[in-house]
Amino acid sequence: MIPASKYFSSGESSSVELTDDEKKMAEEIRASKPMLPDSSNVNNMTVKMPYQCFINGSFEDAENDKTYDTINPTDGSVICKVSYTSVGDVDRAVAAAKEAYENGPWGRMNPRDRGSLLYKLADLMEEHQEELATIESIDSGAVYTLALKTHVGMSIQTFRYFAGWCDKIQGKTIPINQARPNRNLTFTKKEPLGVCAIVIPWNYPLMMLAWKSAACLAAGNTLVLKPAQVTPLTALKFAELSVKAGIPKGVINILPGSGGMVGQRLSDHPDIRKLGFTGSTPIGKQIMKSCAVSNLKKVSLELGGKSPLIIFSDCDMDKALRMGMSSVYFNKGENCIAAGRLFVEESIHDEYISRVEEIKKMKIGDPLDRSTDHGPQNHKAHLDKLLEYCEIGLKEGATLVYGGKQVDRPGFFMEPTVFTDVEDHMFIAKEESFGPIMVVDVDGVLQRANDTEYGLASGVFTRDINKAMYVSERLEAGTVFVNTYNKTDVASPFGGFKQSGFGKDLGE
């Protein structure tokens, strides 16, 4: 018998190669004992978790038999071993998506029938919403109640919204000067692009899948999707539900594994016509470059953020406090539109800071516990990055009001954190934390709020509607929230300016 550690490799840097004899032994192991349990009892229910690549309508191991561990951030335990996609697997998935687009029923299907299948898929997601939310919680650390309402709930809404668009994608009839005397007519048609690639992040694993793939499928495209390496399980469960919904084989393909390997191959692949990516700005730049060099494929990018939130002294203080805390700590700060910097008018600054310390009352713990407010950070590397972020803030002279430390318990938990006395040149004033770190400053305001390379979202709290409109028109961001925050909706387009990317998710 070969050692399990040699057969079941883990991690992004895995490079295990098996001899023919070892592969034969591995097959014997698999035949005598399944590589994984396909279900677990957790959260008072039986949860079934697919773990293989999903290509051309079926689950299969990676061609080189490699796997990696996906980790539960609550306690650092291994949930299961997941197939580690190879370049060959990517090519097979793209070929399946191309065949499904060019010769399968999806593209030729009546759009209303395609919409019916997407509605059925949404119904199945709703039927399995507790199971999906449980998987999301143990794989990403999202608090279960939030996972149920937002991670899964908005995913269901998104598929229903875009299912309704399937038969409403229309062109135009355009009058032209050359119409007479022959009465020529110009009309336009909107057509699907073909095979699309989607690369999604780890903070909202299922919701980011829905935001990008629902519109892609509604338009008649086929897709190859790479979930984040650390949070692949809800995407694979979604693949299982797509089969039950009757989505034709090859239309949806899911490839867990390395972003550097799978994402790069998708960017380079000549048969992919568009790539949609949500993630960091540096990776977005590399993807855009690769897409241009390969075959000039279309790209949409939703990248980093450092969203300013401006709180004026004439605000509703209770609401500004409640929503300000939500703007930072929602989904434990792992939120692309999280308020990266709060500007509080000087006359109310000290009162605001004193009341923000209510975060000490937040219950930190097991995300499956219904009374938990704040779950673990997504993975250890991210927690380490957040702790380093706080150390840099202190070294540069910012004042740590509360938090800044790892919670003394198993798992990847961090205390909700507040910094004040932050100056514009500081690292924490410019760089996104992507964690539960509130950076509070006194007013100064519009020039400083816009003094960032990012422009994803922003917000303003004031009772003066003229002031609200004046500020919102001048904030350089794709979304401006007025007297609220984090209110996204499937009907409202979402995307950023500057180095937060381009292109929109959601909406028409």
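I'll start with one residue. H128 counts as buried, because its relative accessibility is 15% and the cut-off for buried is under 20%. This is a predicted model, so please hear every value as computed from that model. H128 sits in the loop between α5, residues 111-127, and α6, residues 129-140. Leaving aside residues up to four places away in sequence, H128 touches K237, L241 and K244.

Now the whole chain. How many helices and strands does the protein have? There are 17 helices and 23 strands. Along the principal axes, the C-alpha atoms fill a box of roughly 85 × 70 × 40 Å.

Of the 508 residues, 56% are buried. The protein exposes about 21700 Å², and carbon and sulfur atoms supply 51% of that area. As for contacts, take those between residues at least 6 apart in sequence: 72% of them join residues at least 24 apart.

Next, the sheet. Seen in order, the strands run β16-β17-β18-β15-β14-β20-β21, which makes 7 strands in an open sheet with mixed pairing. Which strands stand at the edges? They are β16, residues 399-402, and β21, residues 479-482. Each has a single partner strand, so one side of each is left without a neighbour in the sheet. From one strand to the next, the twist averages 25°.

Helix α14, residues 380-395, packs on this sheet. The helix touches β16, β17 (417-420) and β18 (437-442), and its direction makes about 25° with that of β17.

I want to stay on β20 for a moment, residues 457-461. On one side, β20 pairs with β21 in the parallel sense, over 4 bridges. Within that pairing, G459 has F481 of β21 as its bridge partner. β20 is also joined to β14, residues 307-311, by 3 bridges, and those two strands run parallel as well. Here the bridge partner of I310 is V460 in β20.

Is β20 covered or open on its faces? Both faces are covered. A457, G459 and F461 lie on one side, S458 and V460 on the other, and all are buried.

Now a pair of helices. Two packed helices are described by the angle between their axes and the distance between the axes. For helix α10, residues 259-268, and helix α11, residues 281-295, the axes come within 7 Å and cross at roughly 35°. Which residues make the contact? From α10 they are Q264, S267 and D268; from α11 they are Q286, I287, S290, C291 and S294. Sorted by class, that contact has 2 nonpolar, 5 polar and 1 charged residues.

One of those residues, S290, is worth a separate look. S290 is found in helix α11. Not counting residues up to four places away in sequence, S290 touches Q264, S267 and D268; those are the residues that α10 brings to the contact. S290 counts as buried, because its relative accessibility is 8%. For a sense of distance, S290 and L132 are 158 residues apart in sequence and 34 Å apart in space, C-alpha to C-alpha.

Last item: two backbone angles. Most residues other than glycine have a negative phi. L296 has a phi near 55°, a positive value in a residue other than glycine. L296 lies in the loop between α11 and β13, residues 298-302. At 68% relative accessibility, L296 counts as exposed.

The other is D421, also with a positive phi, near 55°. D421 is placed in the loop between β17 and α15, residues 427-430. Is D421 buried, exposed or partly exposed? D421 counts as partly exposed, because its relative accessibility is 46%. That is what I have for today.

How values were computed
Residues are numbered from 1 along each chain as its sequence is written. This is a predicted model: local features need pLDDT of at least 70, side-chain atom pairs count only at pLDDT 80 or more; totals for chains, interfaces and linings use all residues. Side-chain values use heavy atoms; hydrogens and water are left out. Two strands pair if DSSP finds at least two bridges between them. Axes are lines fitted to C-alpha atoms, for helices over the stretch in contact, and angles run from 0 to 180 degrees between N-to-C directions. Contact means heavy atoms within 4.5 Å. Ala, Val, Leu, Ile, Met, Phe, Trp, Tyr, Cys and Pro count as nonpolar, Asp, Glu, Lys and Arg as charged, and the others, Gly among them, as polar. Buried means under 20% relative accessible area, exposed over 50%, partly exposed in between (1.4 Å probe, protein chains only). Accessible areas come from the Shrake-Rupley method with a 1.4 Å probe; for residues, only the protein chains shown count as cover.
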